[in-house]
Amino acid sequence: MKHLTVLLKREWLEAGRSYKLLWLPVVFMLLGMLQPLVYYYMPQILQMMDGLPEGLELILPAYSAEEAIASTLTGQFDQLGLLILVISMMGLIISDKNNGMLTFISTRNTTLTEYLLGKWIGQAALLAVAIAAGFMMSALYTSFLYHAVPIGRVIAGLAVYYVWCLFILTVTLTLGALLSRVSAVAVLSIMLLLAMRTVTGLGAGFQSYNPAFLSNHAVNLIVAGEVLPHFVLTAVLTFVLIALLLFVSKTYLSRKELPSM
């Protein structure tokens, strides 16, 4: 693993050159501040739209501060945020495969394990910065518009949600290793991840095996102060799937003939 530090520096250098270190956290900060603002000003927004028939009164539920900040995960991060994450990561491995950089790196006594871990850890760190910045912004606006949510719940919910984000990262990187077109990686990643997130609403027992259900655990942790049943099983299986997907990526790349520079 002696080349891992060099590969991590390369990842952060590329993220800086592409301004991803700047725009990804900024985008999530905007998403984070949007949800509590929408919840708080929804009655005024509907009145300004003036789209209700005469005599019809719309009664909106009163949202708590915990519900407002938790909805940032399910309302913004799991929808638009998921699309942004996939788009930002969909070409990471494909570009190295197609331009011969992966072959060049392999000739420098760097193993595929080191290469994949460098990609994964580098993007995971960037992802942590972006998600944390966005969620802290949501917590700040929530405390201003409603009241402060206990910081312990915020951090714990964010930590649980981050595991789901790591799974999103791993799926995108794995499809990048298996496929040769960026568009295919984007479409398949988005379809698969959104499908997993959609079925969490079914509420069946199989959700224990669905990594996307970690988002529901995070929401319940923020709102009620505790996770839902079978949380440990879901988290352990998610980490197992992450390791398995990285192993599949390494195995496939080791058997595939890659183009040279």
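Start by colouring by confidence. This is a predicted model. The chain has a mean pLDDT of 86, and 90% of its residues reach 70 or more. Helix H7, residues 151–178, has the highest mean pLDDT, at 94. Helix H5, residues 101–106, has the lowest, at 74.

**Stop 1: the aromatic cluster**

The structure holds 4 aromatic pairs. Select Phe 28 and Phe 77. Their ring centres are 5.1 Å apart and the planes meet at 70°, so this pair is edge-to-face. Phe 28 sits in helix H2 (residues 20–49) and Phe 77 in helix H3, so the pair ties together parts that are 49 residues apart in sequence.

Phe 77 and Tyr 161 form a tilted aromatic pair, with 6.2 Å centre to centre and 45° between the planes. This pair also links distant parts of the chain: Phe 77 is in helix H3 and Tyr 161 in helix H7, 84 residues apart. Tyr 161 has a relative accessible area of 1%, so Tyr 161 is buried. Show the three rings together. Ring pairs link Phe 28, Phe 77 and Tyr 161 into a cluster.

**Stop 2: along helix H3**

Stay on helix H3, which spans residues 65–89. Select Asp 78, then Arg 197. What joins their side chains? A salt bridge does, at 2.5 Å from N to O. The partners come from distant parts of the chain: Asp 78 is in helix H3 and Arg 197 in helix H8 (residues 182–198), 119 residues apart. Asp 78 counts as buried because its relative accessibility is 2%, under the 20% cut-off. Arg 197, at 12%, counts as buried too.

Move on to Ser 88, also in helix H3. Ser 88 is buried, with a relative accessible area of 11%. Show what surrounds this serine. Leaving out residues up to four places away in sequence, Ser 88 touches Lys 20, Trp 23 and Leu 24.

**Stop 3**

Side chains of opposite charge can pair when their charged atoms come close. The structure holds 6 salt bridges. Select Arg 10, in helix H1 (residues 4–17). At 18% relative accessibility, Arg 10 counts as buried.

Now show its partners. Arg 10 forms a salt bridge with Glu 11, with the closest N and O atoms 3.7 Å apart. Both of these residues are buried. Arg 10 also meets Glu 14 in a salt bridge, at 3.1 Å from N to O. Arg 10 and Glu 14 both lie in helix H1, 4 residues apart, which is about one turn of the helix. Is Glu 14 buried or partly exposed? Glu 14 counts as partly exposed, at 31% relative accessibility.

Widen the view around Arg 10. Beyond residues up to four places away in sequence, Arg 10 touches Asp 96, Met 101, Ile 105 and Lys 119.

**Stop 4: the end of helix H6**

Select Leu 145, in helix H6 (residues 112–145). Leu 145 is buried, with a relative accessible area of 11%. Which residues are in contact with Leu 145, leaving aside neighbours within four places in sequence? They are Pro 36, Leu 37, Tyr 40 and Tyr 41. Draw a C-alpha to C-alpha distance from Leu 145 to Tyr 40. The two are 105 residues apart in sequence but 7.1 Å apart in space.

**Stop 5: the nonpolar surface patch**

Switch to a surface view. Select Leu 178, Leu 241, Leu 244, Phe 247, Val 248 and Tyr 252. These residues make a nonpolar surface patch of about 490 Å². Which helix gives the largest share of the patch? Helix H10 (residues 231–255) does, with 5 residues. Finish on Phe 247, in helix H10. Its relative accessible area is 52%, over the 50% cut-off, so Phe 247 is exposed.

Note on methods:
Residues numbered from 1 in each chain as written. Predicted model: local features only at pLDDT ≥ 70, side-chain atom pairs only at ≥ 80, totals over all residues. Heavy atoms only, no water. Helix = DSSP H or I, 4+ residues; strand = E, 2+ residues; numbered from the N terminus. Buried < 20%, exposed > 50% of the residue type's maximum accessible area, 1.4 Å probe, protein only. Contact = heavy atoms within 4.5 Å. Patch = residues over 30% accessible without salt bridge, like charges linked within 9 Å, V, L, I, M, F, W, Y side chains within 5 Å. Areas by Shrake-Rupley, 256 points an atom, 1.4 Å probe, with all protein chains shown as cover. Salt bridge = Lys/Arg side-chain N within 4 Å of Asp/Glu carboxyl O. pLDDT = per-residue confidence, 0-100. Phe/Tyr/Trp six-rings, centres within 6.5 Å; stacked < 30°, edge-to-face > 60°.
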